[in-house]
Amino acid sequence: MDDRLKVFLDAKLNADVSRRRFLQGAAGLSTLTVLGATSQSYAADGKLGGELNFLGWDGEHGGNVAKPFLEQNNIKMNASFQSAADEALTRLNTGGRGAMDILTPNKDFQTAILKAGTELFQPLDLARIPTASGLFPAFKDAPWLVKDGKTYGIPIIWGDEPCVFNPKKWDAMPAKYTDFADPKYKGELVLLDDPFGNIWLWAKSLDMPEPNRLTEEQLQQVLDAMLKSKPNVVTIGASHGDMADVLVRGDASIGIGGWAYQVMIAKEKGVELVVGSPSVDGTFYWSDSYALAVDAPNVDNAYGFIDFMTKPESNAALAAELASGCTVEAAYDLMPEDIRSMFPYDNVRQPGGGILGTQIVVPPQEPDGDVVGAPSWVEAWQTFKAS
Amino acid sequence: MLPAGGFYAVFFVVPMLCLLVLSFWRAKGFELIPDFTLDNYRKIFTSPLYRVLMLRTIGVAFVTTLIVVPVAFTLSYMMRFVFARRGQLILQIVLLSLFSGYLVRIYAWRTILGKQGLLNSTLQWLGLVDQPLEFLIYSNIAVVITLSGLLLPLAVLPLYSAMLNVSRDYLEASRDLGASWVYTLRTVLVPMALPGLRTAFAFAFLLSAGDFVTPALVGGSQSMLIGNIIADQFRGIGSNWPLGAAMAFVVVAIMLFAYLAAVNIIRWVTRW
């Protein structure tokens, strides 16, 4: 299975792909075999059937994984895929209300939406998702999914964004991100085109007390620090796939804000890459969840889908397909070892969200007192890119 | 005309009007606030960042056009008058690249221009350089080369089509009357091929000025163009649609002005 998955992913390397887009179409996976035995008919209660509208990251609709569930319950999934985190909100505000069921927000976006009180998700009735009791402790009461005691999402995958580098050129990464300003890294760095991830990493490196809440002066300090590393940056990857391509071609030897799976991609190309973030600064973590859109027209199908996808077998299959960490504890043993070993699972065995819960990467949407809002971060990042 | 006009109205005029209205609104968090403010335009004209990117974009677009149009013109001339019998065949070969995807072609250029790419490997193998020429990739030069490669077939199409309407007799008559080749080119060929030249210029200039994928993939860390900034305003957390809409209109206005100026200069040269 793994070989076929890798070959497929490898073939996709030269496409413009995001982390999730790598995965769609990995139809040869043996997940169907695994799931075929465990899929039960949810139609028994007579509630399921009809349509299910999905809008989320490509691959997270479980094209292969969910197939037995959808077929047995006569559900037709209408899947469309977002290219930006806020696309569901755009859709909702431009005539899409009542036309979306399942959404897959990432941690940062969901945090921002819930904090802003913006209408997009509806609270989940956890009694209708019994499989959610099998989530890792960190995901059971994930703070980014809970507001006023109500839960707004069920985590499906997670991971981190480490440095990925060529061990033939470097023994290890420096202790801090600010160390990348050293001229010895000239022509060696590739960054991901992600304003929040990069600014957050450098803010942390500068020991800002709250790296996601910066004043204008602090943001300028971060930008100045980042600009010191700019002469060493070869390019800014449009996606994780693009970044991997730059590393594989040898145009750069260190990817900042990378993806562990880039190591496997490079291996297939005969290039050795390893993962290793700055020892002092570390990196940040992400997670995507299934959420229910406000005014979703097919609520029963949506609950059935989420419950099915949160089964250990489904979760393991989806996480393997998406080369990510699984969120269900019993899925851990079902994961292929090479993918399982890419992620530090100790982080999700702790209650309260673990490091994913305490680590907030996204800034406030609007200025909050002296703290600048997200648009200022975007502008700072654009200044960095244009300089 | 009515079906074409209707199509144009529905799929161009109406969306552009919506975008124009949006450019006067405000963004507040994830919400768009209807308003009539000039703040977005004010920000564009006062921000050094946008000014630099606008100038860089115009520069890259002009240089690309100055490469694409003369090459396409020469190629079309040769297809029409030098290798007339093989003209259609050459056209098919030129157009062959359009059968592959846009992204595939950009990645192909990355393979050619990369540090360990085809060009650098060949130059090193021939002993012409010791080290890879790093300016070939992830630079403005890489953007210009890649855009030129992408846009050349699109520029050849209208130029070759225009030249098919130019009779060889006119050129020969001009030469028989003692005109130099340059004079014939300037006063006979270019004016007669002007509609095609104008379209080729528009394709090369406007498409390269509006492109944001090529700079993102081969432009490197210092070659971002205004299109990249506009795209950023329409996606993700921190996006600002009204500002993006205003930027789009400013870019359209500037590029149209530059295009019309260039076309008038060409026309003036032919009458000079």
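A residue is buried if 20 or more other C-beta atoms lie within 10 Å of its own. The model is predicted.

View 1. H9(A) covers residues 240-249. Nine of its 10 residues are buried, so the helix is largely enclosed by the rest of the structure. The buried residues are A:His240, A:Gly241, A:Asp242, A:Met243, A:Ala244, A:Asp245, A:Val246, A:Leu247 and A:Val248. Their cover includes four strands of chain A: E8 (164-165), E9 (189-192), E10 (233-237) and E11 (254-256). Helix H10 (261-268) of chain A is also part of the cover. Chain B contributes helix H11 (213-218). A:Gly250 follows H9(A). The phi of A:Gly250 is positive, near 85°.

**View 2. Strand E13 of chain A and its pairing partners.** E13(A) spans residues 285-293. Nine of its nine residues are buried, so the strand is largely enclosed by the rest of the structure. Strand E3 (residues 102-103) of chain A pairs with E13(A) in the antiparallel sense, over two bridges. Here A:Ile102 has A:Leu292 as its bridge partner. Strand E4 (residues 121-122) of chain A also pairs with E13(A) in the antiparallel sense, again over two bridges. A:Gln122 stands opposite A:Leu292. Strand E7 (residues 154-160) of chain A runs antiparallel to E13(A), and six bridges join the two. A:Asp160 stands opposite A:Tyr285 in this pair.

View 3. A:Gly153 lies in the loop between strand E6 (150-151) and E7 of chain A. Is this glycine buried or exposed? A:Gly153 has 26 other C-beta atoms within 10 Å, and the cut-off is 20 or more, so A:Gly153 is buried. Its C-alpha atom is separated by 4.5 Å from that of A:Ala291. Neighbours within four places in sequence aside, A:Gly153 is in contact with A:Pro105, A:Gln110, A:Leu145, A:Ser289, A:Tyr290 and A:Ala291.

**View 4. The side of chain A that touches chain B.** In this view, 37 residues of chain A are in contact with 27 residues of chain B. On the chain A side, the elements giving two or more residues are helix H5 (107-116), helix H7 (195-205), E10, H9 and helix H15 (374-386). Which element gives the largest share of this side? H15(A) does, with eight residues. By type, the residues on the chain A side divide into 19 nonpolar, nine polar and nine charged.

Definitions and conventions:
Residues are numbered from 1 along each chain as its sequence is written. Chains are lettered from A and ligands numbered from 1 in the order in which they are written. This is a predicted model: local features need pLDDT of at least 70, side-chain atom pairs count only at pLDDT 80 or more; totals for chains, interfaces and linings use all residues. A residue is buried if 20 or more other C-beta atoms lie within 10 Å of its own, exposed if 12 or fewer, and partly exposed in between; C-beta atoms are placed from the backbone. Two residues are in contact if their C-beta atoms, placed from the backbone, lie within 7 Å. Two strands pair if DSSP finds at least two bridges between them. Ala, Val, Leu, Ile, Met, Phe, Trp, Tyr, Cys and Pro count as nonpolar, Asp, Glu, Lys and Arg as charged, and the others, Gly among them, as polar.
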